[in-house]
2 protein chains.
Amino acid sequence: MSTLCVPSQVPSVAEDCEQLHKAFSGSIGWGTNEGLIISILGHRNAAQRKLIREVYAETYGEDLLKSLDKELTNDFERVVKLWTLDPPERDAYLANEATKRWTSSNQVLVEIACTRSPKELLHAREAYHARFKRSLEEDVAYHTSGDFRKLLVALVSSYRYGGDDVNLILAKSEAKLLHEKISEKAYSCDDVIRILSTRSKAQINATLNQYKNEFGNDINKDLKADPKDEFLSILRSTVKCLVYPEKYFEKVVRLAINRRGTDEGALTRVVATRAEVDMKIVKDEYQRRNSVPLDRAIAKDTNGDYEKMLLALIGHEEA
Amino acid sequence: MSTLCVPSQVPSVAEDCEQLHKAFSGSIGWGTNEGLIISILGHRNAAQRKLIREVYAETYGEDLLKSLDKELTNDFERVVKLWTLDPPERDAYLANEATKRWTSSNQVLVEIACTRSPKELLHAREAYHARFKRSLEEDVAYHTSGDFRKLLVALVSSYRYGGDDVNLILAKSEAKLLHEKISEKAYSCDDVIRILSTRSKAQINATLNQYKNEFGNDINKDLKADPKDEFLSILRSTVKCLVYPEKYFEKVVRLAINRRGTDEGALTRVVATRAEVDMKIVKDEYQRRNSVPLDRAIAKDTNGDYEKMLLALIGHEEA
């Protein structure tokens, strides 16, 4: 369900590095050659990019990320850099950025905690240690407060069971418990947070199905009592990220594109983090919801090298 | 700092398995041969025991743990079984038992969450998934409530930064914050729990040193305002486990031995979990605090095969 196109004949790593180095140094005559960068990095998978970064550093004595930093600018720089990072490192970077800019409407931490697999989240936490010499939960706890802290720290600290085993009796009783608490508007009570932050995704899915069967509404409908309440909004995102990640990402992309002045930050983040995961499903979901193919919407809203890189990542083959 | 004695010439794994199998089947004439079991399992390290368990299962078609279960009884059975388990599996087992028998005076969860290294705790959580098809934090959250839940879930979910880097400015400000909250008797407030459950052990140590320098008392003295309050008692254990694990374990052993009718559960747990880690330091600490060597105290309070196995694990060489 990846949208990445890797050519059937990939050049050797050494060759890729040499071409990238040329693209930066402008030794082929035109300053930085962005097209060449896209044609290489935009068409290599995570393992290949990792190797390129290693060999590049060995060969030229500089981290590829640093060269990108020096040569590129703005949105194009950000998408290429995020994409080039190894996924756990990228999540660590995005999560750190989110803790520093945290506001109650910032849902990046929920997104990272809930759409990644339990193992992936763990690897992100390890990468966070290595890069920031602190733990992710430590920074989240430090930069947030109140109910948001209670929810977010629990979500980023979770290491959920990743299997499919489901306890249906428990699902029934916890559906009832959730319904009670939501009816009482006790949205941030311990039980709601406990269930959403510790149960496995399969178990939560079973619980929410029971909820719907028993009480008639999707839980997210009941969590919309006050559409302006930001804690409710983050709870709805939590549910979506856990159970329907493709719908969550479709909405992020839709809002990013439909906004007056595209939200490049969000668009870049979703494309760079999902291209190798489930971008194909997100694209299908986008088309179904907006009656426009995602690549056409992106082409309309963005331009230049930034546009080209995004389109490469969502599945355009090398020109 | 391990107390385990592994002979310089260890028999082959196949030979160990054969001897164990003989010890169970009584094929050498006397029913189960407990001495033989001690002489083998009581003198092999974790990697060797793991291999023995694998080869035993392959050779005899039965998990060694199951054979031990059938052949041994009571305290001797428990110490041999706990010891034979791989450390992460053993922690998962002990933690699960603790969630099921949880009372506010049960400090096993704190012990596992705070005396293990961040990596070890993580491996225990992985082993928990594998064995119980649920997450540790999920079971802890389900079986506890109120302030205890708030603290325990945060502790078992933590994946602290494991390095030595310390931020002294932060240590000062958080020492002040802790002192304020403790003065207000806000023991279970978010900040106290956040600091104890997310900061690295090195950082907490620096903070508590600042606390003492600035405010005159050890934090644990200030956390003794009401000696009967069980939440305060668990907070003191948390601090001890994080910063002075050997003192914590010495006290558990001391209370287990000094109690009317030894607390074999606690004694077994500490010996089986620490023998390969820091039992040497715990023994030294015990002697310093009680003016009696630990092995003499254990010999006085226990007997038979149980005594022999404990003594083997705390450093008696094979007879």
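**Domains 1 and 4 of chain A**

I looked up the distance between the C-alpha centres of domain 1 and domain 4 of chain A in this predicted model, and it is 25 Å. The domain bounds, which come from an automatic or database domain assignment, are 13-72 for domain 1, 87-157 for domain 2, 168-243 for domain 3 and 245-313 for domain 4 of chain A.

I noted that residues are numbered from 1 along each chain as its sequence is written, with chains lettered from A and ligands numbered from 1 in the order in which they are written. Local features need pLDDT of at least 70, side-chain atom pairs count only at pLDDT 80 or more, totals for chains, interfaces and linings use all residues, and side-chain values use heavy atoms, with hydrogens and water left out.

I then examined the buried area (accessible area, 1.4 Å probe, that two parts lose on being put together, summed over both). Domain 1 and domain 4 of chain A bury about 510 Å² between them, 63% of it on carbon and sulfur atoms. A:Glu34, A:Ile38 and A:Gly42 supply 67% of the area that domain 1 of chain A buries there, more than any other three residues.

I found 1 salt bridge across this interface, the term being a side-chain nitrogen of Lys or Arg within 4 Å of a carboxyl oxygen of Asp or Glu. The side chains of A:Arg49 and A:Glu276 meet in a salt bridge at 3.1 Å, N to O.

**Chain B against chain A**

I turned to the interface of the two chains, which bury about 2600 Å² between them, 55% of it on carbon and sulfur atoms. In chain B, B:Glu138, B:Tyr159 and B:Tyr161 lose the most area to chain A, together 24% of what that side buries. The contact (heavy atoms within 4.5 Å) takes 29 residues from chain B and 29 residues from chain A.

I recorded 6 salt bridges across the interface of chain B and chain A.

**B:Glu77**

B:Glu77 is buried, with a relative accessible area of 15%, where buried means under 20% (1.4 Å probe, protein chains only). Leaving aside neighbours within four places in sequence, B:Glu77 is in contact with B:Leu68, B:Asp69 and B:Leu72.

Definitions and conventions:
Buried < 20%, exposed > 50% of the residue type's maximum accessible area, 1.4 Å probe, protein only.
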